Amino acid sequence: MLGMSANSVSYNEQGSVESGVDAAQENSNISGGGGGGAAFSLFSADCKKNEDLKEMLENNKESLKLEAMKRIVGLIAKGKNASELFPAVVKNVASKNIELKKLVYVYLVRYAEEQQDLALLSISTFQRALKDPNQLIRASALRVLSSIRVPIIVPIMMLAIKESSTDLSPYVRKTAAHAIQKLYSLDPDQKEHLIEVIEKLLKDKSTLVAGSVVMAFEEVCPDRIDLIHKNYRKLCNMLVDVEEWGQVVIIHMLTRYARTQFVSPWGEDAVFDENNEKTFYDSEEERRADESKPYVMDPDHRLLLRNTKPLLQSRNTAVVMAVSQLYWHLAPKHEISIVTKSLVRLLRSHREVQYVVLQNIATMSIQRKGMFEPFMKSFYVRSTDATHIKTLKLEILTNLANEANISTILREFQTYVKSQDKAFAAATIQAIGRCATDISEVTDTCLNGLVLLLSNRDETVVAESVVVIKKLLQTQPSQHSDIIKHMAKLFDNITVPMARASILWLMGEYCEHVPKIAPDVLRKMAKTFTSEEDIVKLQIVNLAAKLYLTNSKQTKLLTQYILNLGKYDQNYDIRDRTRFIRQLIVPNEKSGALSKYARRILMAPKPAPVLQSAFKDRDRYQLGTLSHSLNSYATGYLELSNWPPVAPDQSVRNVEVVEPVTEALASALGKSKHAKSDEKFYSGSEEEEEEEEEEGSSSEDSSSSSGESESESKSEENSDDSNKSSSSQSEKSSSESDTDKKKTQKNKKLHQQKPASKDRKLKNGKAANDESRSGSESDSESSSSESSSESGSQSELDSNSDSGTDQKRKTKSKPVQSKPVTNAEKKEVSLLDLDDFSPVPVSTPKSSILSPSLLSDLQGLSISSSASALQASSPVFVPETSHELLHRMTGKGLSAQYRFTRQPCIYGNSMVSLQLTLSNNSEQALENIHISEKSSSGQNIHRFSAIERLEPQASATVSMGVDFNDSTQAAHFQLCTKEDEFSVSIQPAVGELLLPITMSEADFTKEQGKLVGMNESSATITTTPENISSQSVNRNVVSAANLGVIPSNQENIHRFAGKTVSSGSLVLVSVAPKDPDALITVNTEKSVIASMLLRQFKTALTNITP
Amino acid sequence: MIHSLFLVNASGDIFLEKHWKSVVSRSVCDYFFEALERATEPENVPPVIPTPHHYLINVLRHRIYFVAVIQSEVPPLFVIEFLHRVVDTFQDYFGVCTEAAIKDNVVVVYELLEEMLDNGFPLATESNILKELIKPPTILRTVVNTITGSTNVGEQLPTGQLSVVPWRRTGVKYTNNEAYFDVVEEIDAIIDKSGSTITAEIQGVVDACVKLTGMPDLTLSFMNPRLLDDVSFHPCVRFKRWEAERILSFIPPDGNFRLLSYHVSSQNLVAIPVYVKHNISFREGSSQGRFELTLGPKQTMGKAVESVLVSSQLPRGVLNANLNASQGTYTFDPVTKLLSWDVGKINPQKLPSLKGSVSLQAGAFKPDENPTINIQFKIQQLAISGLKVNRLDMYGEKYKPFKGIKYMTKAGKFQVRT
């Protein structure tokens, strides 16, 4: 510090002549007061220096003032007292110089508490600053105002907080959220008012505010769970976009919330997985099937799990830990293991992080070995680890030990036992003992190993071994008399009291197994009794008593001698024990009824000690908390409640929609075949709603992408809507019978809504104006080129929320679609500025697809649904050919065939749907036909549910989905029956990896224009005129690949469009016959697919004759 | 949350304190000093220490303890992560994070801490935002400031704070637009006595230094993304895109940042680039022990193994080492018993070796265990997992950036048990 100030002072010298004199003076003072200092007494130096500082502060020159403040901050940093400068400093609070002002703030916050009266002088400055047009100044004024802990200004603070909580700048609102906690700690009486502010801020839609207000909530009113209900879904959805520290706080809060609101997913037969969840939105039948299941996860519960999952990839270790604990406490048992990898990754981080993470893994691994067993080697100890890390790793390895891996672990332990870190070696011996008791197969091996250790040179190792052996022997004493003998022999060399005591205890307990040695040991002990440690003495008395009872002939005198020694021992415990033992075992006239039972008392079979982990009961604390780390309640720890037996009303989380803009727009655009109303949200048949949402949103984007900046305001509502519909899901499923009624209602609504729609559009316009920032962004972006606009909003879109995708899935999964569904592919979504938590992917792959004319159509409300940009269509052609999967010879009677249905897969967006026909050609029935869990290849496969029984000569048809990941690599898997396993593979033709799309010709050309260069491949083929008649081309192409035909005006060009199933990249094919040749062009980003397709078309168009 | 922060140097002096709420007396650190005394090594201080009224959470970096005082329940990792972030920021600002650097820049440190935490809750931790609020000290700036009277403190709220890309500052301008990516992989391995691998895994990071004008949108794709088993991203990476296409798509922060860290699954066999032949033996009763080490390259894909440094903690009974290095220099610290041998580059034709004898304390027993050998090395232009960047594209800006990718393999925790 001094160095620097001296430095800048000397710069000063050069800079301005006038200040040179002062500065030089300062210079000498610094070296006197701070550095050399020997000549001055400390006090005078300090005093003098402060005088100087005061002078500098009162000077007119900013630079001097700044210099003084810098040095004062230096004093504060060192913990020196600078409070007497308060009056001089506080005068500068209104300084124009920002840096000076900030330093004054630092000073104020530090000393205001001590100098309350003077601090009041500064208040008016802050009050003025709170009105400043610059948001940074407003925010920092609020920060300081709320940080000076002067009770008198509580009302002023309260007022400032209230005002700032409605500030236009989210940054100021964030500061207000922080200020709430400060005010609360200053004056807890303000709680009620503060809760009001919290309630207001919880509704805030800015991601900036969310973390801070939840923090305030946790501090001020963690029990007011009811404030969260309405914001729950919003918080879940915006979580990915909140800054990382806020994420941690929100996740912890939501964990607590979820434990009070949802029922336990851990029921015995809670067979629940992601797939289930998807079907659960599907058709009525499946829904009914779900209902029959004992446990259905609340969609909100699922929403939380789904939205936190991506955060496992965060770089912030605290976030990863928070998500892990959330999964641990909330997820169904079989889903918890997805956190494993991420936790193991954290072990690469800093030492302190490792420590905390290992503690948590230790607790987890006790309950669920399977989670971490595959990563066992990550817990191997390195010689460079800190001791507490080593012991934790040891703990985990011990927890993970089972029959299969115990030999590996023991081999590893052998290395550790030899470690130079003796405390660690001792801990390893304990661990070996635990393994030995847990896994009976290795008990003998471990015992032998431990006996070998008895001859180790290091005392602590030997002592620990003795103690552990003692515990082990207790479990099975009879076979081990030779070990006891061996230990008796070693006894003379062992000096550690605990170990000596253990051996003596063993002798006494099992004296019948070693009848010769035990009295001899007692004889030796009698000699050294006086010089032993207390615990050893107690055990000597014990041994004597036991021997007296079993072998009184040989030991009577010895025992009496020892009892006499004990009687006069210095330690009262030993005297007590001796007196007790004597009364118990030595018969005399006074001895009561007890001595009859002496033998039974002393020689009672004792239960073996249980060697268990120190982390056994740690799970009573929420993982990842300070309390868990310390294994004791920390102040302010909020206990995690147990699952409620019955879920509280879930409708409390439904959010009121003020303006049902979406539907209005949908109907306004003339698209809604079924209009709907607000009420319907809570009761109506949901699929239609879903679809409408889709349509509503898609039309929205098209309009907004072409320049209307409506997207933000609407998509928000959209999100609310769709959330609601998913939550009301289960209600709905129970009220199927109502559906009809609802439909009629709906029709009525249709009529009512149309007239209303126009004003609603107007309102939209206003809303859009409010969101001017985003509005203008999306404006400019959409008008600029595609690449540039991607940059602006994609991150937001990417993180939008999964619920959107899921709902997509829902709509898509209906195998037969009466109406085409929009094909908005999330990851390619680009140009629109959306609100953070719109769940519906609100854009098309290439948003510029819409021509201006289309836009005018949209505005003219005359567009029909078929004209919207990109729509997945039903396949033009479904080949009947099926391929052999398993021949009946190899399948021992079971044969299987598969065929591509060319339908969107109901199991997942990126899966190819397959139909499997299984037939039993054998003599007896086959049971439990299923696909084994282990898939040998990387593909993600949705298995069909197992077929319980297939009678001879019967066949069954099932459907499954495979995510080929846009490659023609075969998917390998195991088809299993009860007895056998057959490995089979499905190799898709490239044409099956596509889904058809319909679009207008204009769009097609436009898209094609974008996919040129690298993305275009073409070939010329020679063919016969018949072959290139438009019919045959169409037929051949669509049978070769699952593409949609684009209606075309031009006679001689045939166009086809599709998208790849997994990534959704556009695939455009055009065939232009030029007699006698034909030019085939394939445009797609996926060049591999392009070339394969090209090859396929070549053969399809040349070889096949009509 | 975080109440106060104390910085403690290696000799146990508090040289900086900062309080965000009421002042906590520095006597609270006495509990920390107690723990420090009990610990045999500086690393052995437990990270979380309970005291009657507070909890102390500390991290040790650059031989400075950062001790945070906590008063109530808070996830310990939250505090630990934050403290490390503070250290990273200091390093970013001052180049090094030493006691001297902190003392020299105490005002900037204070301003930083003030911005990073409000009422104990992190406020701004992104380096791009902080740098707009408080400009890093440079000599030139100090001169200019003194003359013109301008300050190091920004007057406007950094734009990043409010935008959807809080990690990037706006209005970035460069004359030379460049983007450099370093793929650095570290091999963690334990090799047993006989030279077979007990465990080996590869941890990699992609560090970037991006100096691009405007708001570039980058995509980075790998030739073989399937190699990556587990990844964590800088917040700028679009997770969905990665999930679907295994492409890193991001708007980069300005300057240096860690884009990605990854783990290559341990199922893949990890190529171990060096081998060690060792013969370390102590005879019972003799005061001499034999010590021989030879290093050699293996599976290095034809690249040179450089900056090799071998260190080993010899048993306590060892008095001195009398060795002869065929290459490089070795040192033995008789107090800490640490032997280190700076080998340099391994020449495959003439393998480096270290041979000689170690003398044991007279009468001391033969050590139970031979020392483990820790090895550091570097291999340039090689990512040992075989990961390769396929291409880097930029969207959103018109100019042509200069792009560069560098690969490097290093030893992480590479241990050979003997």
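Trainee: How many helices and strands does chain A have in this predicted model?
Mentor: This is a predicted model. Chain A has 1106 residues. Its secondary structure comes to 47 helices and 17 strands.

Trainee: How many helices and strands does chain B have?
Mentor: Chain B has 418 residues. Its secondary structure comes to 8 helices and 23 strands.

Trainee: What percentage of the residues of chain A and of chain B count as buried?
Mentor: The accessible surface of chain A comes to about 43,500 Å², with 52% belonging to carbon and sulfur atoms. For chain B the accessible surface is about 16,700 Å², with 50% belonging to carbon and sulfur atoms. Counted by residue, the buried part is 59% in chain A and 58% in chain B.

Trainee: What share of the contacts with a separation of 6 or more in chain A comes from residues 24 or more positions apart?
Mentor: In chain B, residues 24 or more positions apart account for 68% of the contacts with a separation of 6 or more. In chain A the share is 69%.

Trainee: Which residues of chain B does Phe66(B) touch, not counting residues up to four places away in sequence?
Mentor: Phe66(B) is one of the residues that touch the most other members of the largest core. Its contacts beyond four places in sequence are Leu5(B), Phe6(B), Leu7(B), Ile57(B), Asn58(B), Val59(B), Arg61(B), Leu83(B), Val87(B), Phe90(B) and Cys97(B).

Trainee: What is the area buried between chain A and chain B?
Mentor: The size of an interface is often given as the accessible area lost when the parts come together. The contact takes 108 residues from chain A and 113 residues from chain B. Carbon and sulfur atoms give 55% of the buried area. The area is about 10,100 Å².

Trainee: Which residues of chain A lose the most area to chain B?
Mentor: Together they account for 8% of what the chain A side buries. They are Trp245(A), Arg348(A) and Arg382(A).

Trainee: Is Arg348(A) buried or partly exposed?
Mentor: Arg348(A) forms a salt bridge with Asp188(B), the closest N and O atoms being 2.5 Å apart. Arg348(A) lies in the loop between helix 20 (340–346) and helix 21 (351–367) of chain A and Asp188(B) in strand 8 (residues 178–191) of chain B, so the pair joins two chains. Asp188(B), at a relative accessible area of 3%, is buried. Arg348(A) has a relative accessible area of 26%, so this residue counts as partly exposed.

Trainee: Why do Lys182(A) and Asp118(B) count as buried?
Mentor: The two form a salt bridge with closest N and O atoms 2.9 Å apart. The pair crosses between chains, from helix 10 (residues 170–186) of chain A to strand 6 (residues 117–118) of chain B. Buried means under 20% relative accessible area. Both count as buried because Lys182(A) is at 6% and Asp118(B) at 3%.

Trainee: Which residues join Lys182(A) and Asp118(B) in one network of salt bridges?
Mentor: Across the interface of chain A and chain B there are 12 salt bridges. One of the pairs in the model is Glu115(B) with Lys102(A), at 2.7 Å from N to O. Through shared partners, the network also takes in Lys102(A), Arg143(A), Lys18(B), Glu114(B) and Glu115(B).

Trainee: Which residues does His486(A) touch, not counting residues up to four places away in sequence?
Mentor: His486(A) is in helix 28 (residues 481–490) of chain A. Its C-alpha is 9.1 Å from that of Leu454(A), 32 residues apart in sequence. The residues touched are Val451(A) and Leu454(A).

Technical notes. Residues are numbered from 1 along each chain as its sequence is written. Chains are lettered from A and ligands numbered from 1 in the order in which they are written. This is a predicted model: local features need pLDDT of at least 70, side-chain atom pairs count only at pLDDT 80 or more; totals for chains, interfaces and linings use all residues. Side-chain values use heavy atoms; hydrogens and water are left out. Helices (H or I, at least four residues) and strands (E, at least two) are DSSP runs, numbered from the N terminus. Buried means under 20% relative accessible area, exposed over 50%, partly exposed in between (1.4 Å probe, protein chains only). Contact means heavy atoms within 4.5 Å. Accessible areas come from the Shrake-Rupley method with a 1.4 Å probe; for residues, only the protein chains shown count as cover. A nonpolar core is a set of buried Ala, Val, Leu, Ile, Met, Phe, Trp, Tyr and Cys residues joined through side-chain atoms within 4.5 Å. A salt bridge is a side-chain nitrogen of Lys or Arg within 4 Å of a carboxyl oxygen of Asp or Glu. Buried area is the accessible area (1.4 Å probe) that two parts lose on being put together, summed over both.
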